[in-house]
Amino acid sequence: MSEDILHRIRVSSRNPDLEANEEMHNQALLLIEDMCYLMCGSLLVRLGMPAPDRGMNDAFNRELEREREYDRHELDQSVQTNVPLLNPQQKEMKAIDDGNGGLFFLDAPGGTGKTFLMSLILATVRARSDIAVAVASSGIAATLLEGCRSAHSALKLPLNLQTIEQPTCNIAKHSAMAKVLVASKIIIWDECTMAHKRALEALDRTLKDLRNDSRCFGGAMILLSGDFRQTLPVIPRSTAVNEINACLKSSNLWRYVKKFQLAANIRVALLNDSSAQDFSKQLLTIGNGRVPVDESSGLISFPPNFCNFVSSKDELSSTSIPEHHC
């Protein structure tokens, strides 16, 4: 890292003969300590490494600066372009932007424009130079939103939520992430239906403490999104009852939720594909539990036109990945 810093300074100063010095070494230690602090809340001296020489005014502001580095002009243009494209159901979400906080849930089956809407909400808040925090329950989902990270990484959630009755986020009051959460205008949690209910409860306790506010989530605005018809929390060595008990709907916070729903399938509307529309309806029928269940086996039967059935792994592989794609 010191060599990389040296290279950058040589290029910027146009002095190829510049040699490494103690200041560059100290800058590398600062970068390492910032990352360690954000990841595990520890300074280098506690990890058995040399401590960098920090100025008295340094308060780990990198995390806060990161949330303010968005191009306001570009975001504003994006908002102006995309707001007219919202359908009536999506426009109802504008009601949450009243500055009074609250807990909201966006029920959005696949293809109903959830990611488009949340991206627009994030852009709207950030275009005003306000802070919007975006997290997701999985790393894959986190790649779909600008500036989004996994909830466990960003919020420092305990890994053993199942065994802790009243967990809290591992965020110190004077840390960079604490400053971000206190200053944030909205916190969006995508694919929240996969999260353990105690993860949301941990965020609630932490925000109340950081904001010194006894209201739900310390008065912050929380927007949850997902689809309970899909994957619920995965609890190792458990039963269906345990999974439902760990679900967000089983949390005492759920009674405070204000619900919005997206039902119009945007993909079907744009493609005008009747088969896609049938598939979308079939998914909702299964997800809503309207498919007859065999009493003896407890299993359901897929409609004959639901998908292509194969008899072996090789056939599945050749069907899904044609040879000319390999």
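These notebook entries record what I looked up in the structure.

**Basis**

I worked from a predicted model, in which local features need pLDDT of at least 70 and side-chain atom pairs count only at pLDDT 80 or more, while totals for chains, interfaces and linings use all residues. Residues are numbered from 1 along each chain as its sequence is written, and side-chain values use heavy atoms, with hydrogens and water left out.

**Entry 1: the sheet**

I took helices (H or I, at least four residues) and strands (E, at least two) as DSSP runs, numbered from the N terminus. Two strands pair if DSSP finds at least two bridges between them. I then read the strand order of an open sheet of 6 strands as E3-E2-E4-E5-E1-E6, with parallel pairing. Strand E3 (149-150) and strand E6 (257-261) stand at the edges with a single partner strand each, so one side of each has no neighbour in the sheet.

I looked next at strand E4 (residues 184-190) and strand E5 (residues 221-226), which run parallel and are joined by 3 bridges. Within this pair, Ile-188 has Leu-223 of E5 as its bridge partner, and Ile-187 stands opposite Ile-222 in E5. E2 and E4 pair in the parallel sense over 6 bridges; Val-135 stands opposite Trp-189 in E4. E1 and E5 also pair in the parallel sense, over 6 bridges, and the bridge partner of Leu-106 in E5 is Ser-225.

**Entry 2: burial of the strands**

I used relative accessible area with a 1.4 Å probe, protein chains only: buried is under 20%, exposed over 50%, and partly exposed in between. In E4, 6 of the 7 residues are buried, so the strand is largely enclosed by the rest of the structure. In E5, 6 of the 6 residues are buried, so E5 too is largely enclosed. Which residues of E5 point one way, and which the other? I found Met-221, Leu-223 and Ser-225 on one side and Ile-222, Leu-224 and Gly-226 on the other, all of them buried. In a regular strand the side chains alternate between the two faces of the sheet.

**Entry 3: helices H9 and H10**

Axes are lines fitted to C-alpha atoms, for helices over the stretch in contact, and angles run from 0 to 180 degrees between N-to-C directions. The axes of helix H9 (residues 176-183) and H10 come within 10 Å and cross at roughly 90 degrees. The two helices are therefore roughly perpendicular (65 to 115 degrees) to each other. Contact means heavy atoms within 4.5 Å; I noted that Ala-178, Leu-181 and Val-182 in H9 meet Leu-207, Leu-210 and Arg-211 in H10.

**Entry 4: Thr-112**

I located Thr-112 in the loop between strand E1 (102-107) and helix H6 (114-127). Is Thr-112 buried or exposed? At 2% relative accessibility, Thr-112 counts as buried. Its side chain reaches the backbone oxygen of Pro-109 at 2.7 Å. Leaving aside neighbours within four places in sequence, Thr-112 is in contact with Gln-90, Leu-262, Ala-263, Ala-264, Asn-265 and Ile-266.

**Entry 5: cysteines**

I searched the whole structure for disulfides (cysteine sulfur atoms within 2.5 Å) and found 0. For Cys-216, the closest cysteine sulfur is that of Cys-169 at 14 Å, too far for a bond. Cys-216 is partly exposed, with a relative accessible area of 27%, whereas Cys-36 is buried at 17%.

How values were computed:
A polar contact is a pair of N or O atoms within 3.5 Å; within protein, one must be able to donate a hydrogen and the other to accept it, and residues adjacent in sequence count only if both atoms are side-chain atoms. Angles under 35 degrees count as roughly parallel, over 145 as roughly antiparallel, 65 to 115 as roughly perpendicular and the rest as oblique.
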